[in-house]
Amino acid sequence: MIKKILRWVKKAMLWFFAISILLVIVFKWVPIPFTPLMAIRAVENKWEGKDAVLSHDWVPLEEISPNLQKAVIASEDGNFLNHYGFDFQAMQKAFKNNQKGKRIKGGSTISQQTAKNVFLWQGRSYLRKGLEAYFTVLIELIWGKERIMEVYLNSIEMGKGVYGAEEAAKHWYRKSAVNLTKREAAGIAAILPNPLKYKATNSSSYIERRKDKILRNMRHVGKLEY
C-alpha cells in the first residue's frame with residue numbers, strides 16, 4: 001500500500017513539474033488571458049450581489065510608458081534589474097521589522113509577485129510560498145526581466161475591477177499607458193499595496209506623499225535595458 005502511494009506521489013510530482021514548465025514556456029510568448037485573482041474577485045462580487053466587473057486589455061511592453069516601469073520598480077522592487085528573483089536583503093529587513101511589530105511590505109520582488117499573480121492563489125501559507133519560490137525561479141530562467149515586467153504590468157490589480165497598465169491608465173487618467181507622465185505613473189504605483197482601498201487620482205494625503213517618494217526614487221532607477 002505504501003509503495004502504491006509513493007508511486008502515485010512520484011507520478012503526480014512528475015506531472016506537476018512537466019505541466020508547470022510547459023505553462024511557463026507557453027506564457028513566455030502568449031498573453032495571459034486571466035489570473036486566479038481575477039476569477040476570485042469576480043466570484044466575490046457575484047457572492048455579494050454585485051456586477052463582476054473586469055477590465056483587462058493586454059498590451060506589449062513597448063506600449064507601456066517607461067515612466068510606469070520605473071515607478072513600479074521604485075515603489076515595489078528597487079533591485080529588480082539586478083537580482084535573480086529574490087531580494088534577500090529586503091526579506092531580512094521585512095523580517096526584522098515584522099518581529100518588532102511594524103507593518104511593512106513583505107519583501108516580495110516583482111518576480112515573486114508575478115509568479116504568485118499568474119500561477120497561484122492569494123493568502124499566506126508555507127505551501128504557497130514554496131510554490132511561489134519555484135515559479136519565481138522558472139520565470140527568471142525562462143522569461144527573463146523584460147517578459148516578467150511585461151506580464152507584471154499586464155496582470156496586476158490596479159483598481160476595483162481594473163487589471164493591467166492599459167486599463168489602469170484609461171480608468172485613472174483617460175489615456176493610454178504609453179502616454180503616462182511621471183506623476184501619473186507614480187500615482188498608479190502608489191496604490192499597488194491596496195488598489196481596492198486607495199485612489200490614484202483625488203488621492204489621500206498618504207498617497208500623495210507616496211507619489212512624491214516614488215518620484216524621488218525614480219531618479220535612481222537605471223536604464224531599463226533588460
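Biologist: Which residue in β3 does G159 stand opposite?
Modeller: G159 faces V162 there. Keep in mind that this is a predicted model.

Biologist: And in which sense do β2 and β3 pair?
Modeller: Antiparallel, over two bridges. β3 covers residues 162–163.

Biologist: What holds paired strands together in general?
Modeller: Backbone hydrogen bonds, in parallel or antiparallel pairing.

Biologist: What is the strand order in the sheet?
Modeller: The order is β1-β3-β2, in an open sheet with mixed pairing. β1 (55–56) and β2 (157–159) are the edge strands. Each of those pairs on one side only.

Biologist: New topic. How many helices are there?
Modeller: The protein chain has ten helices, along with three strands. In sequence order the pattern is α-α-β-α-α-α-α-α-β-β-α-α-α.

Biologist: How much of it is buried?
Modeller: Of the 226 residues, 43% count as buried.

Biologist: What about the largest nonpolar core, how many residues are in it?
Modeller: It has 52 residues. Those with the most contacts inside it include L68, F119 and W143. Several helices give two or more residues to this core, among them α3 (66–76), α7 (145–155) and α10 (205–218).

Biologist: Which residues does L68 touch, leaving out those up to four places away in sequence?
Modeller: L68 touches L153, A165, L180, A185 and I188.

Terms used: Residues are numbered from 1 along each chain as its sequence is written. This is a predicted model: local features need pLDDT of at least 70, side-chain atom pairs count only at pLDDT 80 or more; totals for chains, interfaces and linings use all residues. Side-chain values use heavy atoms; hydrogens and water are left out. A nonpolar core is a set of buried Ala, Val, Leu, Ile, Met, Phe, Trp, Tyr and Cys residues joined through side-chain atoms within 4.5 Å. Buried means under 20% relative accessible area, exposed over 50%, partly exposed in between (1.4 Å probe, protein chains only). Helices (H or I, at least four residues) and strands (E, at least two) are DSSP runs, numbered from the N terminus. Contact means heavy atoms within 4.5 Å. Two strands pair if DSSP finds at least two bridges between them.
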